[in-house]
Structure formats: structure tokens, C-alpha cells
Amino acid sequence: MNKNEAIQTYLLALADDELILGHRDAEWTGHAPLIEEDIAFSNIAQDEIGHAQALLRIYESLGGNDPDTMGFLRDADEFTCCHFVQMPKGDWAYTIVRQFFFDAAEIIRLRYLKNSTYELIRELAAKIYPEEQYHLLHTQGNVERLGDATEESRRRMQRAVDEAFEQALGLFEKIPGEDVLIDEKIIPDSRTLEAEWLQFVTPVLKRSGLQSPVIETNGTVESNVEPLYGGRQKKHTEHLHKIIEDMQKVYRMIPGAKW
Amino acid sequence: MNKDLGNITNADVWVALKEVTDPEIPVLSLVDMKIVRDVKIDGNEVHVTMTPTFAGCPAIYQMKSDIEEKLRELGFEKINIDLSFKEPWSTDMLDDEARLKLETFGITPPTKHNGNPTSAINAEVKCPYCKSNDTTMENPFGPTLCRMIYYCNSCRQPFERFKAL
């Protein structure tokens with residue numbers, strides 16, 4: 001894989017994560033437990049889908065198809081999103097925990113990409129970074145509040161953490177071609193991101209009264225569960241096929257349709 | 001209205017674009033918002049560079065077509081509009097006049113942050129109606145990507161704050 005192909009592969013993996021999670025978040029529009037959260041998740045969905053589109057524009061500038069074609073005319077088995085973002089929206093606890101885990105990972109990744117040696121990636125990361133801080137502010141605050149609010153909220157939040165933790169580690173599954181880009185300081189190493197993510201989320205969960213499956217020794221945190229990989233290798237869950245079918249239905253019915 | 005394009009200067013284009021308003025904040029133009037970045041006239045062609053406020057802002061397409069319409073009115077037939085993320089848009093770019101217009105419209109202007117928007121999150125927020133600082137954040141998200149929802153404990157009204165970015 002040459003450098004351009006590696007950049008395209010990387011951009012596509014990030015865009016696919018954003019696009020699919022954005023659609024999962026949008027499933028709460030009109031259905032969230034509070035109107036404030038309805039607004040918040042509709043906004044977050046719009047941001048994530050917008051980020052996917054911006055990443056896909058860079059992909060296009062490197063000779064790829066345009067963002068709409070990539071999002072709406074590609075089959076599920078051509079996507080490279082991780083399993084984490086494919087999972088059904090679940091209950092509100094799962095939604096909050098998933099979004100918090102994702103936002104934390106994104107902030108950490110963007111902190112590196114803001115210094116990428118690749119100009120278009122560097123500019124976009126600088127743009128997206130402050131937007132994501134508002135997501136994290138919201139989701140982290142919710143984790144802290146719901147973690148020990150009532151017996152039921154604690155139980156549901158803990159169940160969500162237990163379920164989401166190994167899935168979230170899938171965000172850091174190695175993306176094919178990564179090594180070429182790490183050497184050129186275009187992107188950070190996925191292992192570095194995972195280590196920093198564990199360092200970040202563990203104390204937040206602890207403060208919220210929630211247990212996480214990690215082993216802590218002398219300031220380092222290691223995961224105690226097997227990460228759920230496969231997405232970056234285009235091996236997907238049945239859930240992805242379903243959401244892609246829903247997402248692409250209208251576009252495929254009337255190709256090239258415009259609002 | 002077909003004008004002689006030879007007489008149209010960059011300044012004319014800027015003046016015309018100052019009339020194109022932000023579809024979500026009709027008191028500010030796309031020039032006030034610093035969304036229009038650059039204008040270049042090349043013979044009978046015009047090139048405009050614009051930058052989105054939020055990367056996912058859906059209003060960008062409306063803005064693009066509003067700019068096109070205005071430039072067509074000026075007489076241009078070949079119009080190129082580029083989107084750029086160079087020097088990402090920041091609310092610190094809004095000048096005092098724009099801030100005052102926002103406040104009069106009922107939106108608390110974005111807090112200045114000197115390149116560190118996180119520092120603005122916990123800043124004091126003044127109610128645009130009664131000017132009290134006794135306000136509470138209700139939601140970091142609002143009716144558009146660029147606004148947050150607050151409540152004024154003094155005049156007991158909900159209001160919006162422009163998100164510092």
C-alpha cells in the first residue's frame with residue numbers, strides 16, 4: 001500500500017465510524033428521554049455526520065469517489081467502521097456510555113491529528129477539535145451524574161460499561177497501512193491512542209462510582225478484556241447490514257436525488 | 001441587469017456580499033460572520049473562498065447558493081466557490097459590531113477565548129435581555145450547532161448563547 005492509499009484507508013475508517021455513529025445518534029431524534037437530550041443527540045448526530053463528510057472530502061481530493069457515493073452507494077461489506085458504532089442504540093445508559101467512550105477517543109486522536117504533517121488532515125482536525133470538546137463536556141457530565149444517581153441508574157450504567165468496554169477498544173484496532181503513516185508523522189499509533197484512552201476514561205468511571213475492566217499498576221492502566229476487533233478488516237456484525245439498508249434506502253431508490 | 005463586468009472591482013463584490021445574510025442568524029451577513037474569506041475576480045470569472053462555522057453546519061449549502069445568486073445579480077456567469085478549513089473559523093473573529101447585533105437579536109455573543117475555546121465554557125454568561133449574570137446553562141446544544149441554551153434566573157427567561165469556538 002502506498003502513502004496515498006494508506007491515507008485514504010485511514011480517512012475512510014474514521015469517516016465510517018463517524019457516519020454510522022451519527023446515524024445511531026439520530027435514532028434518538030424524537031425519542032430521547034428528555035427534550036434537552038433529544039436536542040443534544042440530534043446536534044451530536046449532525047456534527048458526527050458532518051465530520052464524516054469533511055473526512056470524505058479529503059478522501060475525494062486524493063482521487064476517491066465523492067462523499068455521497070461513499071456514504072450511500074457502498075455495500076456494508078465495504079465499510080471499515082468498528083463494531084462499536086454498529087451496535088443498536090440500546091437503552092439511554094448504553095447511549096451515554098458509548099458516546100462518552102467515543103468522544104474521549106476522538107479528542108485524544110484529534111490532539112495528535114492537529115499536529116499531523118499532512119496539511120488537509122491537520123486543518124480539519126483543528127476545526128473539529130473544539131466542536132468535540134462540547135460533546136465530551138456533555139457526555140462526561142452525564143456519565144458522572146448517572147453513575148451514582150439512583151440504584152437503577154447505577155445498575156444500568158454499570159451494565160452499559162461492561163458491555164461497551166471491549167467494543168470501544170475496537171476503535172483502536174489497527175487500520176491497514178497505519179505503519180507507513182506513523183513513520184511520516186501523519187497519524188498517531190493506535191496503541192498510543194488506546195493507552196491514553198484507558199488513562200483518561202478509568203478515573204472518570206471511578207469518580208462516577210463505576211467499575212471498569214482494567215488492571216492498574218504504578219500509574220499505568222491496562223485493559224483486562226479482549227477487544228472486539230474485525231471492523232477495520234471489513235468483518236462486520238448483522239447490525240451494520242441493517243443500519244446501512246435503512247440509511248441508504250432513499251438514496252438508492254432515486255440515485256442522485258437532491259433536497 | 002447585465003453590467004459591464006470590466007468595471008466591477010473586488011470592493012464591489014464585498015459590498016454585495018455584505019447583503020447576503022446568515023440563514024440562521026438573519027441580523028448578520030456572511031461577511032460579518034467572517035464566513036466569506038476571499039474574493040478574486042479573474043476576467044469574467046469570480047472566485048469566492050468561504051469557510052464553514054461548524055464542520056457539519058448544514059446551512060453552508062444555503063449560504064453557497066445565496067452567494068451564487070448575489071454574484072449572478074452582479075452579472076457574473078462563471079462563479080467558483082471553494083470551501084476551505086485553512087485558519088479554521090473561530091468566534092474570536094467576530095468584531096464588536098457583530099457582537100452587538102447578536103446581543104440585540106437575543107443571543108449572548110460568544111466569549112472571547114484567545115485560541116482556547118474550552119476556557120469559555122465556564123465563563124460568566126450575561127442574559128441578552130436583562131443583562132444579569134445570574135444565568136444557568138440548560139444545554140450545551142441548541143436549535144442550531146452554533147448555539148447553547150441558557151436560563152436567566154433574574155428575568156426568568158430562557159435564552160441562547162453563541163457557542164465559543
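Chain B holds four helices and seven strands. The model is a predicted one. Along the sequence, the elements of chain B run α-β-β-α-β-α-β-α-β-β-β. The C-alpha atoms of this chain fill a box of roughly 55 × 30 × 25 Å along the principal axes. Chain B has 165 residues, and 48% of them count as buried. Among its contacts with a separation of 6 or more, 51% join residues 24 or more positions apart.

Start with helix H3 of chain B, residues 96-105. Ala98(B), Arg99(B), Leu102(B) and Glu103(B) are buried there. Why do they sit on the same side of H3(B)? They cover an arc of only 135° around the axis, and that puts them on one side together. Asp96(B), Leu100(B) and Thr104(B) are on the other side of H3(B), and they are exposed. The cover over the buried residues includes strand E4 (107-108) and strand E7 (158-162) of chain B. After the helix comes Gly106(B), which has a positive phi, near 105°.

Glu103(B) forms a salt bridge with Lys131(B), with the closest N and O atoms 3.0 Å apart. This pair links distant parts of the chain: Lys131(B) is in the loop between H4 and E5, Glu103(B) is in helix H3, and 28 residues separate them. The two partners differ in accessibility. Glu103(B) counts as buried because its relative accessibility is 15%, under the 20% cut-off. Lys131(B) is partly exposed, with a relative accessible area of 43%.

Now step back to the loop between strand E3 (78-83) and H3 of chain B, where Ser90(B) is found. Is Ser90(B) buried or exposed? It counts as buried, at 16% relative accessibility. Its side chain reaches the backbone nitrogen of Asp92(B) at 3.0 Å. A polar atom of the Ser90(B) side chain also lies 3.0 Å from the backbone oxygen of Leu165(B). Beyond its neighbours within four places in sequence, Ser90(B) is in contact with His113(B) and Leu165(B).

Next comes the meeting of the two chains. 28 residues of chain B are in contact with 25 residues of chain A. The size of an interface is often given as the accessible area lost when the parts come together. Here chain B and chain A bury about 2300 Å² between them, with 63% of it on carbon and sulfur atoms. Which three residues supply more than any other three of the area that chain B buries against chain A? They are Ala55(B), Phe85(B) and Phe141(B), with 27% of that area.

Two salt bridges are counted between chain B and chain A. The side chains of Lys86(B) and Glu123(A) meet in a salt bridge at 3.9 Å, N to O. Eight residue pairs are in polar contact across the interface. On the chain B side, helix H4 (118-121), strand E5 (135-139) and strand E6 (147-152) each give two or more residues. E5(B) gives the most, with three residues. The chain B side divides into 19 nonpolar, six polar and three charged residues.

Turn to chain A and its salt bridges. Over all chains the count comes to 28. The side chains of Asp16(A) and Arg74(A) meet in one of them, at 2.8 Å, N to O. Asp16(A) lies in helix H1 (residues 3-26) and Arg74(A) in the loop between helix H3 (67-72) and helix H4 (83-86) of chain A, so the pair ties together parts 58 residues apart in sequence. Both residues, Asp16(A) and Arg74(A), are buried. Glu216(A) forms another salt bridge, with Lys206(A), at 2.9 Å between the closest N and O atoms. Glu216(A) is in strand E1 (residues 214-217) and Lys206(A) in helix H9 (residues 190-207) of chain A, ten residues apart. Glu216(A) is partly exposed, with a relative accessible area of 44%. Asp91(A), Glu152(A), Arg156(A) and Arg159(A) are linked in a network of salt bridges.

The last stop is Lys234(A), in the loop between strand E2 (220-223) and helix H10 (238-253) of chain A. Lys234(A) is partly exposed, at 38% relative accessible area. Lys234(A) and Ala76(A) are 158 residues apart in sequence and 8.5 Å apart in space, C-alpha to C-alpha. Not counting residues up to four places away in sequence, Lys234(A) touches Asp77(A), Glu78(A), Phe79(A) and Thr80(A). The side chains of Lys234(A) and Glu78(A) make a polar contact at 3.3 Å.

Conventions
Residues are numbered from 1 along each chain as its sequence is written. Chains are lettered from A and ligands numbered from 1 in the order in which they are written. This is a predicted model: local features need pLDDT of at least 70, side-chain atom pairs count only at pLDDT 80 or more; totals for chains, interfaces and linings use all residues. Side-chain values use heavy atoms; hydrogens and water are left out. Buried means under 20% relative accessible area, exposed over 50%, partly exposed in between (1.4 Å probe, protein chains only). The arc is that of the directions from the helix axis to the C-beta atoms. Contact means heavy atoms within 4.5 Å. A polar contact is a pair of N or O atoms within 3.5 Å; within protein, one must be able to donate a hydrogen and the other to accept it, and residues adjacent in sequence count only if both atoms are side-chain atoms. Buried area is the accessible area (1.4 Å probe) that two parts lose on being put together, summed over both. A salt bridge is a side-chain nitrogen of Lys or Arg within 4 Å of a carboxyl oxygen of Asp or Glu. Ala, Val, Leu, Ile, Met, Phe, Trp, Tyr, Cys and Pro count as nonpolar, Asp, Glu, Lys and Arg as charged, and the others, Gly among them, as polar.
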